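Here are some notes to read alongside the structure.

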Amino acid sequence: MNPPELEAAPRPAPPTFREALRFWWKLGWISFGGPAGQIAIMHREIVERRRWLSEDHFLHALNFCMLLPGPEAQQLATYLGWRLHGAKGGVAAGALFVIPSIFILMGLSWLYVTGANVTWISGLFYGLTAAVIAIVASAVKRIGSKALKTPALWGLALASFIAIFFFKVSFVLIILSAAVIGWLGGKRFPNQFPAGKGHARMADIDEASCVELPPPPPASRRRTFIVAAVCLTLWWLPVLAAGWLTNWSGIHFQQGLFFSKAALVTVGGAYAVLPYVSQMAVEHHGWLSQGQMMAGLGLAETTPGPLIMVLQFVGFVAGWQHPGDLSSPVAAVLGALITTWSTFLPCFLFVFLGAPHVDHLRQRPAVATTLTAVTAAVVGVILNLAIWFSLHAIHPEPDRYDWFVAATGLGAWLAMERFKIGVIPVLGACAVLGVVWKMV
């Protein structure tokens, strides 16, 4: 028997581009919590509250983005914007997801390199750390409850967590293994590895209660060529201009090359690529110190936007400390901008090339069971991110526990889960508490 409230849910009207634009702008300012928190916010707002997309479609889109190089949350926003309003929607969603964090992190980087120490600012981000813990924990609970519907999927999520948390197995290897398990399991144990529409009637109701989307544009050679030509031109034009206007052996052209390369190997998100970036930027290029790298990670953890925005901090500090013929401030801003451009522009290329295939893949049972298993493995990966961040926030040093962050994070989680308080009030309350704690 289907829940009557689901059957009675009226289909909402499709959002206008202006309405969606307001949401993407808002999302850019509240997307705290790294990929887990950001995915949770999008799920809550787009699937549960606004019903712009069905549960099944959202999870398939998430799986698609998890397999691409780059920050999966920003790519998910780009895909969702594209699915609602085409190319202009994808550009708006993807760009607005990172623009607020560009300016915020630019300002924080400036404060960092100039040696400023503003107590209330540090207190604000200190309080937000606790909110991030709550958001990430909520994400694990919310996405896990939707995706883990059988014992086999629970076991796969647990195995994924153990592999990445305890044995540091590559994210790519985990996802590939989950895909193989899902493909084989769907053939031999279909009840344990249901397709995305395996709960057929429930999925139909879910689709029927959401916005009726127009069919996606079909993939074609002409479209592929246009997308590739436009994105590749936009990607490399600033990098080549930096080399021509400054110096081909200078830091800005080298940053463009290095971070373009990093953008191609960031499968698994920021945590998968940060060790590589840290090794190259600190040990090979000598652009900044390990302590500065960790400081940048701390700033990126507590600002909205993708965690991979830490690379903008790397570009800023590297430009500041190695300005060449430019002044340090100009070199720093240019380094931050070219780093950010080289990191995020490829994401639009990958999403726009693959997006038309997502809906078609959802209709294929073998692909659907494979993605079901991948979703389960992703839950384990998100749990790893949640615990990793929580441990570093609550236990920042070997001999010290931060009880304020632990207590505030627990209170924020209870406020969201037990009393259904929204993300923005929770973020605001935690920020205020952090400022008060630091000021007294």
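1. Buried means a relative accessible area under 20%, exposed means over 50%, and partly exposed lies in between (1.4 Å probe, protein chains only). Cys430 counts as buried because its relative accessibility is 4%. Cys231 is also buried, with a relative accessible area of 8%. A disulfide is a pair of cysteine sulfur atoms within 2.5 Å, and by this rule the count comes to zero.

2. A word on the source. This is a predicted model, in which local features need pLDDT of at least 70 and side-chain atom pairs count only at pLDDT 80 or more, while totals for chains, interfaces and linings use all residues. Residues are numbered from 1 along each chain as its sequence is written, and side-chain values use heavy atoms, with hydrogens and water left out.

3. How many salt bridges does the structure hold? There are four, a salt bridge being a side-chain nitrogen of Lys or Arg within 4 Å of a carboxyl oxygen of Asp or Glu. Side chains of opposite charge can pair when their charged atoms come close.

4. Glu45 takes part in a network of salt bridges with Arg49 and Arg50. The N to O distance is 3.1 Å for Glu45 and Arg49, and the closest N and O atoms of Glu45 and Arg50 are 3.3 Å apart. Glu45 and Arg49 both lie in helix H3 (residues 34–49), four residues apart, about one turn of the helix. Helices here are DSSP runs (H or I, at least four residues), as strands are (E, at least two), numbered from the N terminus. An α-helix has 3.6 residues a turn, so residues three or four places apart point the same way.

5. Are the two ends of the Glu45 and Arg49 pair buried or exposed? Glu45 counts as buried, at 10% relative accessibility, whereas Arg49 is exposed at 55%. Leaving aside neighbours within four places in sequence, Glu45 is in contact (heavy atoms within 4.5 Å) with Phe23, Lys26, Arg50 and Arg51.

6. Another salt bridge joins Glu417 and Lys141, with the closest N and O atoms 3.3 Å apart. This pair links distant parts of the chain, 276 residues apart: Glu417 is in helix H18 (residues 403–417) and Lys141 in helix H6 (residues 119–147). Glu417 is buried at 12%, and Lys141 is partly exposed at 46%.

7. The expected span of a helix is 1.5 Å times one less than its number of residues. For the 13 residues of H11 this gives 18 Å, which agrees with end C-alpha atoms 18 Å apart. H11 is mostly covered, with 10 of its 13 residues buried, including Ile251, His252 and Phe258.

8. Rings of Phe, Tyr and Trp (its six-membered ring) pair if their centres lie within 6.5 Å; planes under 30 degrees apart count as stacked, over 60 as edge-to-face and the rest as tilted. By this rule there are 20 aromatic pairs. The rings of Phe161 and Phe165 are stacked because their centres are 5.1 Å apart and their planes are at 20°. Both residues lie in helix H7 (residues 151–166).

9. Trp248 and Phe253 have ring centres 5.0 Å apart and planes at 85°, so this pair is edge-to-face. Trp248 is partly exposed at 43%, while Phe253 is buried at 11%. Phe23, Trp24 and Trp52 form one aromatic cluster.
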